[in-house]
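I opened my notebook to look up a few things in this model.

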Amino acid sequence: MKGRVAFVTGAAQGIGRACALALAEAGARLVLADVNQEKLDGVANEVAGCGSEALAVPMNVADAAQVEAAFRKAYERFEKVEILVNNAGITRDQLLVRMKREDWDAVLGVNLTGAYLCTQQALHGMMKQRYGRMVNIASVVARMGNAGQANYIASKAGLIGLTKAVAQEVASRNITVNAVAPGFIATAMTEKLNEQARERLLQRVPLGRMGTDRDVAVAVRFLASEEAGYITGHVLDVNGGMYMS
Ligand code: NAI
């Protein structure tokens, strides 16, 4: 992976930050994209601490013009993007009967449309290069369902569909497209859960602990590696056994 250029969305914290650092440790140069510029700069410093280079670009994945501008900056700086990690994601949980249209649109806009926009931008270069590794961060709930998350689950199940469709479209160009489906991972996203919900979820994890952002990042790094070149259209579960497909 030495010298390869990786573009990671939602890289300011949590799983995105862990993916960026894991890729940097393997020698990749990083484009870090997130709406949170302050934290993004901190991660860029951490990447430098791993002995690699990073470009931090403030960007809302749901905004086509911002995505285009961010990829332009990435090409100006590094001339190529070889790895894309579509990680940026949000939740707006509510039972469907009470779900507001704006919460449906917001979640689909970031989690699914955002991945479509970034994938399209990254593909232009990857198809010319005849090399690419894309990894989409889905979720265990896209496999098993969960009450109160219809918007989120629709977006993540859509992301798995996007993964398989694009994998077939670009395989002949030596580009692989895979997904990682994390389970219950300790990040800011799951901090919002109350103690009761946390306990209930943990009881469903055979390995008996929450996952770490690093558990997810090493799986992403594997799928982004050259050695994973014969794996495409796959969904890799990183869930402590919570759901076995
Ligand atoms: P997090 O909330 O800690 O980090 C998400 C990052 O995405 C933040 O830095 C945020 O600023 C950024 N972001 C949000 N909206 C954005 C936008 N419109 N444009 C650009 N950046 C944006 O969450 P976490 O846990 O690290 O989640 C990362 C991914 O992993 C998400 O896609 C999430 O759905 C997925 N995931 C997380 C699980 C968990 O248990 N934490 C389980 C399964 C999937």
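Which element supplies the largest share of the lining of the largest cavity? I found that H4 does, with four residues. Helices (H or I, at least four residues) and strands (E, at least two) are DSSP runs, numbered from the N terminus.

A note on the source. The model is predicted: local features need pLDDT of at least 70, side-chain atom pairs count only at pLDDT 80 or more, and totals for chains, interfaces and linings use all residues. Residues are numbered from 1 along each chain as its sequence is written, and side-chain values use heavy atoms, with hydrogens and water left out.

**The cavity.** I found one cavity of 30 Å³ or more. The largest cavity has a volume of about 40 Å³. On a 1 Å grid over the protein atoms alone, a cavity is a set of points where a 1.4 Å probe fits but cannot get out; a pocket is an open set with protein on both sides within 12 Å along at least five of seven lines; lining residues have an atom within 4 Å of a point. I noted Asn-86, Asn-87, Val-110 and Asn-111 among the residues lining the largest cavity.

**Helix H4.** H4 has a kink of about 40°, centred on Gly-109. The bend is the angle between axes fitted to the seven residues ending at a residue and the seven starting there. Arg-130 follows H4, with a positive phi near 55°.

The largest pocket holds about 1,300 Å³ of space. It is lined by 48 residues, and Thr-91, Tyr-152, Thr-187, Met-189 and Thr-190 are closest to its centre.

**The ligand.** I looked up the 28 residues around the ligand (a heavy atom within 4 Å). Asp-34, Asn-87, Tyr-152, Lys-156 and Thr-187 come nearest. A ligand oxygen is 2.8 Å from a side-chain N or O atom of Gln-13. A polar side-chain atom of Lys-156 also lies 2.8 Å from a ligand oxygen.

Definitions and conventions: Points joined across faces, edges and corners; volume = space filled by probe spheres on them. Polar contact = N/O pair within 3.5 Å; in protein donor to acceptor, adjacent residues only side chain to side chain.
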